[in-house]
Amino acid sequence: QPPADIDARAMVSGAVTDAPTRTARVRLRPGAGQGLRLRAGAPADAEEVAVPFSEVSEVAETIAWLGPDAVALDPPEVVEAVVALLQGARGAHLAGSR
């Protein structure tokens, strides 16, 4: 039992800062990206989903991990981050194959 002058709920709720505040539109290949569909609350056969996120880097990594099975459509900063990640992976692959 915490002391009476301590509001544990307020302390914990103040520490949680990563609640989704934005949405990324993503097109998914049929049968792929079920995790993103679940995160978006979309049906299993949805081709385009609205994925809630708070950190551009986190959602971009999730989308990029799916490779050609996912295309970031919006917002522009997520699209740019996904492209940069995929270009970096391509560059690393090409450098490793030399």
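The following dialogue explains how to read some features of this predicted model.

Biologist: Which pattern does the protein chain follow along the sequence?

Modeller: Helices (H or I, at least four residues) and strands (E, at least two) are DSSP runs, numbered from the N terminus. The protein chain has four helices and three strands, in the order α-β-α-β-α-β-α.

Biologist: Which residues of helix 3 are buried?

Modeller: Buried means under 20% relative accessible area, with a 1.4 Å probe and protein chains only. An α-helix has 3.6 residues a turn, so residues three or four places apart point the same way. In helix 3 (residues 56-65), the buried residues are Val59, Ala60, Ile63 and Ala64. They lie on the same side of helix 3 because their arc around the axis is only 135 degrees, taken from the directions from the helix axis to the C-beta atoms.

Biologist: How many residues does the largest nonpolar core have?

Modeller: In soluble globular proteins, nonpolar side chains tend to be buried together. A nonpolar core is a set of buried Ala, Val, Leu, Ile, Met, Phe, Trp, Tyr and Cys residues joined through side-chain atoms within 4.5 Å. The largest one here has 17 residues, and helix 3 gives the largest share, four residues.

Definitions and conventions: Residues are numbered from 1 along each chain as its sequence is written. This is a predicted model: local features need pLDDT of at least 70, side-chain atom pairs count only at pLDDT 80 or more; totals for chains, interfaces and linings use all residues. Side-chain values use heavy atoms; hydrogens and water are left out. Buried means under 20% relative accessible area, exposed over 50%, partly exposed in between (1.4 Å probe, protein chains only).
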